[in-house]
Amino acid sequence: MLDKQLVYDVLTAALATGGDLAEIFMENTAKNNIVMTNGQIEKANWGIDYGLGLRIILGTNAIYAYTNNTSRDSLLKLAKDSAQAVKASLKEDPTIKSVIVLDRSERAVFADTVQIPVKDVAKSDIVDRLRIASQAAYAYDPLVTQTSNTFLSVVQDVLIVNSNGVWAEDRRARTRVVVTSVASEGNEKQTGTESPGTKGGIEFLNSLDMEKMGRDSARVAVTMLKADLCPSGRMPVIIDNAFGGVIFHEACGHSLEATGVAKGASVFADKLGKAIASPIVNAVDDGTLTGEWGTLNVDDEGATTRRNVLIEDGVLKSFLVDYLGGLRMGTPSTGSGRRESYRFAPTSRMTNTYILPGKDTPEEIIADTEYGLYAKQMGGGSVSPAEGDFNFAVLEAYIVRDGKIAEPVRGATLIGKGHEVLMDIDKVGNNFEAAQGNCGSLSGSVPTNVGQPMVRVKEMIVGGRK
């Protein structure tokens, strides 16, 4: 993307007035997006996102600037202007200039394994697949009144270089399909969604049963439309696998990121080495898993990703740390620096974040519950990392009565504090499954996996409408 001499010159100009580290993040990202509504193509977009971000770190502070003009003159001007901003933040000129290390003989070059690139597949073939899902949803029940299906392919080429000697090049390919059905009756509407994704190419699309995805999304929408309103109160809650892990991601994972921990703005900031969860809870963030949605060969600071054990037998073992967060905390990076694009400075973020499987079967967990709520599919919500407070919608829910799944209920929400819920988990199933999502934070929206087996929380506040 950039030759070595230009990189050296830009980093030299960036550090001319001081600074401890200068970093370049350059990307060229191709995006393909097809959206179908009610079986008809609404839009089909293809585009390129191209640009470069420059960061200068001084002590535990940073200056960040970006541009989509990567000519030599433009980049040198960007570097010099940023260097002046660094100079303005210094009380006096530094007496020691920073050293730039770019003499490594080998550069770290990575690329995802893609069997079928998106360019090798006719758009009409993708459209036909989406239409199959739409037709299956409409055929499921006359109450289905709307369908929306989306195909997304992203191929991101990045170059990450810094003055400490990091030089990493990576090609990242991701493919995702979202199938949504809306069921309506009178003024009431309910939605069902299936949204699998992978780190790879169009071969993933070939592995999907689009007809089943259409039926499954319609089933949830119709079932919830016909359901009675959810009762409210304190009760045991069984949260199923896959996207059920969004509660751990939001209510705990964000509170383990250095972004908040370094400032003391996390409920877990002083809990390292202490019990923060039930002894049967084990959790990891693993950016190395093959083909998973949140996987990276290197993070967006050029550090090799790794498997970070977050919680072991209920004890907090690690935080998620980016380079700057590590400087503030006095700890090394955990390969957790991420950003949406060159327009964002990196910060600590999750990759594939999971509660690991336990020993109980789903059947045993259900049978052991006299009364409670079974949250089969979770939706979105809100959380405050500093206090751990959360509020999540449940997209598909059922009452558990006398150890059996009983009637469906709609309008359920789960309310609580992340650190309290972790302590109140008394059953962990063996049916682990992951699910794909996009996580928003200070450094933009990034692809992340959530996941867990079925878990039971012995008591939660369930918000309902009756």
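## A salt bridge across the chain

D368 and R456 form a salt bridge, with their closest N and O atoms 3.1 Å apart (a salt bridge here is a side-chain nitrogen of Lys or Arg within 4 Å of a carboxyl oxygen of Asp or Glu). The two come from distant parts of the chain, 88 residues apart: D368 sits in the loop between α9 (362-367) and β17 (371-384), while R456 is in strand β24 (residues 455-463). Helices (H or I, at least four residues) and strands (E, at least two) are DSSP runs, numbered from the N terminus.

R456 is buried at 9% relative accessible area, whereas D368 is partly exposed at 43%. Buried means under 20%, exposed over 50%, and partly exposed in between (1.4 Å probe, protein chains only).

## What to keep in mind

This is a predicted model, where local features need pLDDT of at least 70 and side-chain atom pairs count only at pLDDT 80 or more, while totals for chains, interfaces and linings use all residues. Residues are numbered from 1 along each chain as its sequence is written, and side-chain values use heavy atoms, leaving out hydrogens and water.

## The sheet and its own salt bridge

An open, mixed sheet of 6 strands runs β13-β12-β11-β16-β23-β22 (strands pair if DSSP finds at least two bridges between them). β13 (315-316) and β22 (433-441) are at the edges with a single partner strand each, so one side of each lacks a neighbour in the sheet.

Within it, β11 (residues 283-286) and β12 (residues 307-312) run antiparallel, joined by 4 bridges. D286 stands opposite R307, and these two also form a salt bridge at 3.9 Å between the closest N and O atoms. D286 is buried at 6%; R307 is partly exposed at 46%.
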